[in-house]
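Hi,

Here is the structure I said I'd pass on. Have a look at it first, and then read my notes below.

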Amino acid sequence: MPVQMQLARIIMSEISDEQYIFLKEVDGDRTFPIVIGAFEAQSIYRAVTNRVFSRPMTHDLIVNILQELRVEPQDVLISELREHTYFARLRVRQNGSLVEIDSRPSDAIAVAVRYNPPLPIFVAEEVLAEALGG
């Protein structure tokens with residue numbers, strides 16, 4: 001059963017290529033970090049701080065495409081941890097059918113935080129257990 005998480009923290013470093021986001025369990029105390037790229041960290045930060053540009057950036061474009069195609073966003077599922085890499089799915093509904101789009105967690109979360117309210121983020125229990133060393 002997937003566990004609902006929320007974006008709890010973004011840590012951006014000017015001296016490292018590795019940036020971090022921390023997800024926290026909605027109905028619990030578990031948290032874990034995901035290492036992401038600088039572009040994705042900036043994109044997430046801009047969205048959660050409501051910084052708007054005159055032209056759409058990449059993740060804004062994805063949201064615009066989904067809206068124009070009348071695809072209803074549902075949630076993000078971080079579904080797998082393989083060789084120290086997280087795998088995610090941006091889940092949407094198209095004509096009533098669930099469609100799961102392969103994504104990096106950082107990109108899926110960057111899309112999720114652009115909605116109001118943000119799309120729910122879920123993590124597979126086995127991924128959470130493995131990430132926390134259990």
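Let's start with Ser103, which touches Phe87, Ala88, Leu90 and Ala108, leaving out residues up to four places away in sequence (contact means heavy atoms within 4.5 Å). Before going on: this is a predicted model, where local features need pLDDT of at least 70 and side-chain atom pairs count only at pLDDT 80 or more, while totals for chains, interfaces and linings use all residues. Residues are numbered from 1 along each chain as its sequence is written, and side-chain values use heavy atoms, with hydrogens and water left out.

Ser103 counts as buried at 16% relative accessibility (buried is under 20% relative accessible area, exposed over 50%, partly exposed in between, with a 1.4 Å probe and protein chains only). Its side chain also reaches the backbone nitrogen of Ala108 at 3.3 Å.

Now for the aromatic rings. The whole structure has two aromatic pairs (rings of Phe, Tyr and Trp, the last by its six-membered ring, with centres within 6.5 Å; planes under 30 degrees apart are stacked, over 60 edge-to-face, the rest tilted). Phe32 and Tyr86 have ring centres 5.6 Å apart and planes at 40 degrees, so this pair is tilted. Phe32 sits in strand S3 (residues 31-36) and Tyr86 in strand S5 (residues 85-94), so the pair ties together parts 54 residues apart in sequence (strands are DSSP runs of E, at least two residues, numbered from the N terminus). Phe32 is buried, at 1% relative accessible area, and Tyr86 counts as buried too, at 16%.

Cheers

Definitions and conventions: Helices (H or I, at least four residues) and strands (E, at least two) are DSSP runs, numbered from the N terminus. A polar contact is a pair of N or O atoms within 3.5 Å; within protein, one must be able to donate a hydrogen and the other to accept it, and residues adjacent in sequence count only if both atoms are side-chain atoms.
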